[in-house]
Amino acid sequence: IQIGTRVYIARGTHFNIQASIRIGDDVMIAAGCKFVDHDHGIAVLEQPMSQQPLSKTPIRIDDNVWIGANAVILKGVHIGEGSVIAAGAVVTRSVPKNQIWGGVPARFIKERM
């Protein structure tokens with residue numbers, strides 16, 4: 001994990017890392033957020049999922065991002081500079097800069113002006 005300067009990480013935040021997570025400067029992460037940069041293999045029916053290889057891709061959070069309480073950021077996600085992730089959102093795909101996203105799965109809500 002790489003954490004920039006002036007980053008706030010609230011209580012109860014979990015980082016589950018197999019690849020890497022990079023957090024830029026001036027990022028605010030509210031309580032209860034989860035970051036998971038991998039998932040379990042499911043392709044081979046004859047083999048227990050716990051024994052299949054992990055699929056892992058880094059997570060990147062750019063500068064000046066606000067992530068609301070209990071949000072979940074999943075593997076391969078890149079959150080662009082100045083974006084906001086709503087409380088409780090599950091982010092499964094990358095978010096362009098200066099956008100607000102929320103929901104399960106997270107979707108575009110509006111541009112920050």
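**Exercise 1. Work out whether Arg60 is buried, partly exposed or exposed, and find its salt-bridge partner.**

Step 1. Arg60 has a relative accessible area of 39%, so it is partly exposed; here buried means under 20%, exposed over 50%, and partly exposed in between (1.4 Å probe, protein chains only).

Step 2. A salt bridge needs a side-chain nitrogen of Lys or Arg within 4 Å of a carboxyl oxygen of Asp or Glu. Arg60 meets this with Asp62, the closest N and O atoms being 3.2 Å apart.

Step 3. Asp62 is buried, at a relative accessible area of 16%.

A word on the ground rules: this is a predicted model, in which local features need pLDDT of at least 70 and side-chain atom pairs count only at pLDDT 80 or more, while totals for chains, interfaces and linings use all residues. Residues are numbered from 1 along each chain as its sequence is written, and side-chain values use heavy atoms, leaving out hydrogens and water.

**Exercise 2. Count the salt bridges and locate the ones that link distant parts of the chain.**

Step 1. The count comes to three salt bridges.

Step 2. One of them joins the side chains of Arg6 and Asp26 (2.7 Å, N to O). Arg6 sits in the loop between S1 and strand S2 (8-9), and Asp26 in the loop between strand S4 (21-23) and strand S5 (28-29), 20 residues apart. Strands are DSSP runs of E with at least two residues, numbered from the N terminus.

Step 3. Lys75 and Asp39 also meet in a salt bridge, at 3.3 Å, N to O. Lys75 belongs to the loop between strand S11 (72-74) and strand S12 (78-79), and Asp39 to strand S7, 36 residues apart.

**Exercise 3. Describe the surroundings of His38.**

Step 1. His38 lies in strand S7 (residues 38-39) and is buried, with a relative accessible area of 12%.

Step 2. Contact means heavy atoms within 4.5 Å. Not counting residues up to four places away in sequence, His38 touches several residues, among them Asn16, Leu54 and Lys75.

**Exercise 4. Classify the aromatic pair.**

Step 1. The structure holds one aromatic pair. Phe15 and Phe35 form this pair, with 5.0 Å centre to centre and 20° between the planes.

Step 2. Ring centres must lie within 6.5 Å, and planes under 30 degrees apart count as stacked, over 60 as edge-to-face and the rest as tilted. The Phe15 and Phe35 pair is therefore stacked.

Step 3. Phe35 is buried at 0% relative accessible area, whereas Phe15 is partly exposed at 28%.

Note on methods:
Rings of Phe, Tyr and Trp (its six-membered ring) pair if their centres lie within 6.5 Å; planes under 30 degrees apart count as stacked, over 60 as edge-to-face and the rest as tilted. Helices (H or I, at least four residues) and strands (E, at least two) are DSSP runs, numbered from the N terminus.
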